[in-house]
Amino acid sequence: RGVRTLVIYFPENPLFRAENSRYFDPRVSDAFAAAIAGLTAEFGADFIDLRDLLPADDFYDLRHVNLVGRHKLTARIAAILRAN
């Protein structure tokens, strides 16, 4: 119907990926991103991987971006939307 679909994989805290945590396995994240990329391509959507967008200082915990991170994330998404 002419509607463009963007699927965005949100940023991951680099500390989360670096820690040897039993709660996070970077291989699972990578496999999930690859699967999403394949599905979006199959259905004609765009996959935007922003997992590496933000440094650790832009998160207030291991998962959630802080105010600075939110501004950077919003600016990046706005730029993606403007470019397309």
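**Entry 1: charges and ground rules**

I began with the charges: the 11 positive and 11 negative charges of the chain have mean positions 5 Å apart. For this count, Lys and Arg are positive and Asp and Glu negative, while His and the chain ends are left out. I took each charge to sit at NZ of Lys, CZ of Arg, CG of Asp or CD of Glu.

I noted that this is a predicted model, where local features need pLDDT of at least 70 and side-chain atom pairs count only at pLDDT 80 or more, while totals for chains, interfaces and linings use all residues. Residues are numbered from 1 along each chain as its sequence is written, and side-chain values use heavy atoms, with hydrogens and water left out.

**Entry 2: the layout**

I looked up the elements next and found three helices and two strands. Read from the N terminus, their order is β-α-α-β-α. Helices (H or I, at least four residues) and strands (E, at least two) are DSSP runs, numbered from the N terminus.

I also checked the box around the C-alpha atoms, which is roughly 45 × 30 × 15 Å along the principal axes. The chain has 84 residues, and 29% of them count as buried. Buried means under 20% relative accessible area, exposed over 50%, and partly exposed in between (1.4 Å probe, protein chains only).

Then I turned to contacts (heavy atoms within 4.5 Å). Of those between residues at least 6 apart in sequence, 60% join residues at least 24 apart.

**Entry 3: salt bridges**

How many salt bridges does the structure hold? I found five. The cut-off is a side-chain nitrogen of Lys or Arg within 4 Å of a carboxyl oxygen of Asp or Glu. I reminded myself that side chains of opposite charge can pair when their charged atoms come close.

One of the bridges joins Arg-27 to Asp-25, with the closest N and O atoms 2.7 Å apart. Arg-27 is exposed, at 63% relative accessibility, and Asp-25 is partly exposed, at 27%.

I then followed Asp-30, which bridges to Arg-51 with the closest N and O atoms 2.8 Å apart. This pair links distant parts of the chain: Asp-30 is in helix 2 (residues 26-42), and Arg-51 is 21 residues away in the loop between strand 2 (46-49) and helix 3 (67-83). Is Arg-51 buried or exposed? Arg-51 is buried, at 10% relative accessibility, whereas Asp-30 is partly exposed at 35%.

Arg-51 also meets Asp-49 in a salt bridge (2.8 Å, N to O). Shared partners join Asp-30, Asp-49 and Arg-51 into one network.

**Entry 4: aromatic rings**

I found two aromatic pairs. Rings of Phe, Tyr and Trp (its six-membered ring) pair if their centres lie within 6.5 Å; planes under 30 degrees apart count as stacked, over 60 as edge-to-face and the rest as tilted.

Tyr-9 and Phe-32 have ring centres 6.0 Å apart and planes at 80°, so they are edge-to-face. Tyr-9 is in strand 1 (residues 6-9) and Phe-32 in helix 2, 23 residues apart. Tyr-9 is buried, with a relative accessible area of 14%.

Tyr-9 pairs with Phe-47 too: the centres are 6.3 Å apart and the planes at 65°, so this pair is also edge-to-face. Because Phe-47 lies in strand 2, the pair ties together parts 38 residues apart in sequence. Ring pairs link Tyr-9, Phe-32 and Phe-47 into a cluster.

**Entry 5: one last residue**

I finished with Thr-40 in helix 2, which is buried at 8% relative accessible area. Leaving out residues up to four places away in sequence, Thr-40 touches Val-7, Ala-45, Asp-46 and Phe-47.
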